[in-house]
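Thanks for sending this one over. Here are a few notes to read alongside the model.

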Amino acid sequence: MNPIPNELTPHLAALTPVQLAWLSGYCWAKANGETHPDTLSGSLNMTSSANAKSLNIHIVSASQTGNARGVAQQLSEKLTALGVAHQHSHAADFKPKSLAENDIVLLITSTQGEGEPPEEAVSLHKFLHGKKAPKLNELRFAVLGLGDSSYPKFCGAAREFDAKLADLGASRLMDLTECDLDFQATAQNWVEQIGLQIKALANSQNQNASHNLSGSLNTLVAPDNAFSKEKPFAATLLTRQKITGRGSDKDVRHIELDLSGSGMTYQVGDALGVWFSNDVDLVDEILNAVGLADDENLRDQLVHKMEITQNTPQFVKNYAAIAQNADLNQAIGDDVNAFVQANPIVGIVQKYPTKLSAEQLLGLLRPIAPRLYSISSAQDEVGEEVHLTVGALRYEHAGKIREGGASSFLARRAAEDGQIHVFVEQNPHFRLPENPATPIIMIGAGTGIAPFRAFVQQRAASEATGENWLIFGNPHASEDFLYQTEWQQFAKNGYLHRYHFAWSRDQAEKIYVQDKIRENAQLFWQWLQNGAHVYVCGDASKMAKDVERALIDVIESQGNLSRDDAEEYLDNLRQNKRYQRDVY
């Protein structure tokens, strides 16, 4: 007896060998009760008729922390439920040159740095803004932006993508939709609206998709941890050690957390999400300024639930509307973003006080959002622990020292042996090479050293044979050489083969990591020719840009290429996962 139902035969005949291989594994897993088999990046679309004309619909997620990826998955599930065949690709896996081959592109993107696209979407952004950008007169699109309104260029990447696609001739299905940190409701509404619109368009094209299977090509889905952003694990704080010297202008702490009993797993390159509480003294300052010092319930909400250390244009505008203070309005002037960057919330309510109700104050504030920190340990080395490298943010305003919310919590306020609520945020686009013999070059400054400590721990634990080269920068060798003894031990044990350090303030002329790249241009080019992967971690607004310019300089000079060809060479490295950045 034929074990395959007759109605499936035509569908199976239409599948490619790769799709059949995937489907075989999927069915085997289902038969054995498994719920998370490997998945394919693009969708396997089974249509009821081989002759049915179908729209080529592509969801592209450009994510920095995973939120955009999650919304894209919701949209994919919505379209699947509506019977609409489509593809879903992470931007890192989407070939920019294939853009014009689609009928509809639905882009969900976050923003990083100064209004820039997330790392996995840099190639797409460069392509659209480059000389080879195609005419897209046949394309229809919609863009959903996820951002943080405390930054001046809120949803800047989404705005640029939306404007450029239209400039190239594509037609909007919906106006650009922008989401702040509390994005869930807006994003869900967008998913519902665009899903129904796409369904109507698909029906008009006589599309009759019956099944859609989507996921990531050649990528194993990591086992679900029982804990998540919504359900974090209460990890015990084991160690908090200052690793900068007494004379340093920086206060960097090495943090160790105990994950015992959680079953949580992570890979090197991942980040740890940390939920924190606000400083009680800061809360009291704000409540006193607005006349609510006696409201204990409100006090508890501000300590545990509301964001009070990151100012936003919305807070400033709405507070000014309530306060009706001429001096405040004059101080804000025409540039609210500059005012936001120069003044914390507590500074505003103290300098321009007005009485608020509890409802008014809560209406001005956003919910606390967890902070993400690059993990600085390899689980193969530390077991049921996770390590972080945290720079405590401190600055002076109006004669008083102010602190960052999460960094001061980790560096000072959280009790040792106390509990900190955490979750793992996967970073699939910042990974060691699959081949352990591949050489790697790691470039970082300040706390950007964190993931590279994890990288080399992992290479040592797995006895990888590929050579490791570290280029690290900080102000002073005597005060700011983070993990110095560990790097010396790695070198002694044969797991740190080359290293160059840029101590910017140890001599009259400032020296940075990009200078070390240029100084070693010939060697750097040789490593690239030998297949090296290049990693950059640190500040997105300046360091990462300076490093990228240095890389292009090296490629141009050593490869005897034009500037345009050197830029294309580097972008090809990015698309082939040989140039990866974790910048913030």
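How many bridges join strand 10 to strand 15? My points below start there; please keep in mind that this is a predicted model.

1. Strand 10 (residues 252–258) and strand 15 run antiparallel, and seven bridges join them. Within this pair, His254 stands opposite Thr389 of strand 15.

2. These two strands belong to an open sheet of six strands, ordered 14-11-18-9-10-15, with antiparallel pairing. Strand 14 (371–374) and strand 15 (385–391) are at the edges with a single partner strand each, so one side of each has no neighbour in the sheet. From one strand to the next, the twist averages 40°.

3. Have a look at helix 15 (residues 405–413) too. Helix 15 lies across strand 9 (233–242), strand 10, strand 11 (271–274), strand 14, strand 15 and strand 18 (419–425), and runs at about 70° to strand 9.

4. Helix 3 (residues 67–81) passes a simple length check: at 1.5 Å a residue, its 15 residues should span 21 Å, and the end C-alpha atoms are 21 Å apart, which agrees. Its buried residues include Ala68, Val71, Ala72, Leu75 and Leu79, but also Arg69 and Lys78. Just after helix 3, Gly83 has a positive phi of about 75°.

5. Finally, Asn343 sits in the loop between helix 11 (336–342) and helix 12 (345–351). Asn343 counts as buried because its relative accessibility is 16%, with the cut-off at under 20%. Its side chain makes a polar contact with the side chain of His397 (3.3 Å). Leaving aside residues up to four places away in sequence, Asn343 touches Asn311, Ile348 and His397.

Technical notes. Residues numbered from 1 in each chain as written. Predicted model: local features only at pLDDT ≥ 70, side-chain atom pairs only at ≥ 80, totals over all residues. Heavy atoms only, no water. Helix = DSSP H or I, 4+ residues; strand = E, 2+ residues; numbered from the N terminus. Expected span 1.5 Å × (residues − 1). Buried < 20%, exposed > 50% of the residue type's maximum accessible area, 1.4 Å probe, protein only. Polar contact = N/O pair within 3.5 Å; in protein donor to acceptor, adjacent residues only side chain to side chain. Contact = heavy atoms within 4.5 Å. Pairing = 2+ DSSP bridges. Axes fitted to C-alpha atoms, helices over the stretch in contact; angles between N-to-C directions.
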